[in-house]
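Let's take a walk through a protein model together. Keep the picture open while you read.

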Amino acid sequence: RVTIADDQNPITIRGANSNAKINCTANAFLDMTTATTTEIVALSGSTNIYICGYSVVSTGATATNVRFVQGTGTNCATSPSNRSANIPLTAAANTVGISRGGGEGMILKTSSTGQAMCVTSSGAATIAVDVSYAQF
């Protein structure tokens, strides 16, 4: 721990990246049309994945729930675990969706190194997912 201070403004820094704002400079996207789990950010053996923003959009008449999961193996099939709550997308004649985060500051993270980030859809809906992320 390092503390930098003057009489008015103490600043404490704890360990590498522990309190630092994460600036996501990479992006990934995927299109889904079946009820499945699909990898959106590949694992790297010694890094975590930090999601700073996402957009999930559904078009068409099929309702679905979407969730971010982590895991290893093809499409996070080995030891999958939830990294977000279900995001319910209703059936609609128009596009429905949700976005969260603005690309700066973490909103989702793999819980340990060596995990991929995937997206699960519970229904055969037409879904587009975009994420901004960093990996270190």
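What follows is a short tour, from the whole chain down to single residues.

## The big picture

First things first: this is a predicted model. What is the chain built from? It has 12 strands and 0 helices. Read from one end of the sequence to the other, the pattern is simply β-β-β-β-β-β-β-β-β-β-β-β.

The chain has 136 residues, and 35% of them count as buried. Its accessible surface comes to about 7,400 Å², and carbon and sulfur atoms hold 48% of that area. Now take the contacts between residues with a separation of 6 or more: 79% of them join residues 24 or more positions apart.

## How some strands pair up

Let's pick out β12 and look at two of its partners. β3 and β12 run antiparallel, and 7 bridges join them. Here you can find Met32, which stands opposite Ile127 in β12.

β5 also pairs with β12 in the antiparallel sense, this time over 10 bridges. Look for Val56 here: it stands opposite Val129 in β12. While you're tracing strands, here's a handy rule: in a regular strand the side chains alternate between the two faces of the sheet.

## The nonpolar cores

Which residues have the most contacts inside the largest nonpolar core? They are Ile40, Val56, Phe68, Val129 and Val131, in a core of 21 residues. Several strands each supply at least two residues of this core: β3 (26–32), β4 (37–41), β5 (49–60), β6 (64–72), β8 (87–89), β11 (116–121) and β12 (126–135). Apart from this core lies another one, of 5 residues, and among them are Ile22, Cys24, Tyr50 and Cys52.

Phe68 deserves a stop of its own. Phe68 counts as buried because its relative accessible area is 0%, under the 20% cut-off. Leaving aside neighbours within four places in sequence, Phe68 is in contact with residues including Tyr54, Val56, Leu108, Met117, Val129 and Val131. Its contacts also include Asn82, Arg83 and Ser84.

## Two aromatic pairs

How many aromatic pairs does a search of the whole structure find? One of them is formed by Tyr50 and Phe136, and it is stacked, with 4.6 Å centre to centre and 15° between the planes. This pair links distant parts of the chain: Tyr50 is in strand β5 and Phe136 is in the segment after β12, 86 residues apart.

Tyr54 sits in strand β5 and Phe68 in strand β6, 14 residues apart. Tyr54 is buried, with a relative accessible area of 7%, and Phe68 is buried too, as its 0% tells you.

## A buried glutamine

Next, find Gln70 in strand β6. Is Gln70 buried or exposed? Its relative accessibility is 3%, so Gln70 counts as buried.

What does the side chain of Gln70 reach? It reaches the backbone nitrogen of Ser111, at 2.7 Å. Not counting residues up to four places away in sequence, Gln70 touches Cys76, Ser79, Pro80, Ser81 and Arg83, among others. Further along the sequence, the residues Gln70 touches include Lys109, Thr110, Ser111, Ser112, Gln115 and Ala116.

## Two positive phi angles

Last stop: the backbone. Asn75 has a positive phi of about 50°, although Asn75 is not a glycine. You'll find Asn75 in the loop between β6 and β7 (78–82). With a relative accessible area of 30%, Asn75 is partly exposed.

Ser79 isn't a glycine either, and its phi is also positive, near 50°. Ser79 has its place in strand β7. Its relative accessible area is 58%, so Ser79 counts as exposed.

Conventions. Residues are numbered from 1 along each chain as its sequence is written. This is a predicted model: local features need pLDDT of at least 70, side-chain atom pairs count only at pLDDT 80 or more; totals for chains, interfaces and linings use all residues. Side-chain values use heavy atoms; hydrogens and water are left out. A nonpolar core is a set of buried Ala, Val, Leu, Ile, Met, Phe, Trp, Tyr and Cys residues joined through side-chain atoms within 4.5 Å. Buried means under 20% relative accessible area, exposed over 50%, partly exposed in between (1.4 Å probe, protein chains only). Helices (H or I, at least four residues) and strands (E, at least two) are DSSP runs, numbered from the N terminus. Contact means heavy atoms within 4.5 Å. Two strands pair if DSSP finds at least two bridges between them. A polar contact is a pair of N or O atoms within 3.5 Å; within protein, one must be able to donate a hydrogen and the other to accept it, and residues adjacent in sequence count only if both atoms are side-chain atoms. Accessible areas come from the Shrake-Rupley method with a 1.4 Å probe; for residues, only the protein chains shown count as cover. Rings of Phe, Tyr and Trp (its six-membered ring) pair if their centres lie within 6.5 Å; planes under 30 degrees apart count as stacked, over 60 as edge-to-face and the rest as tilted.
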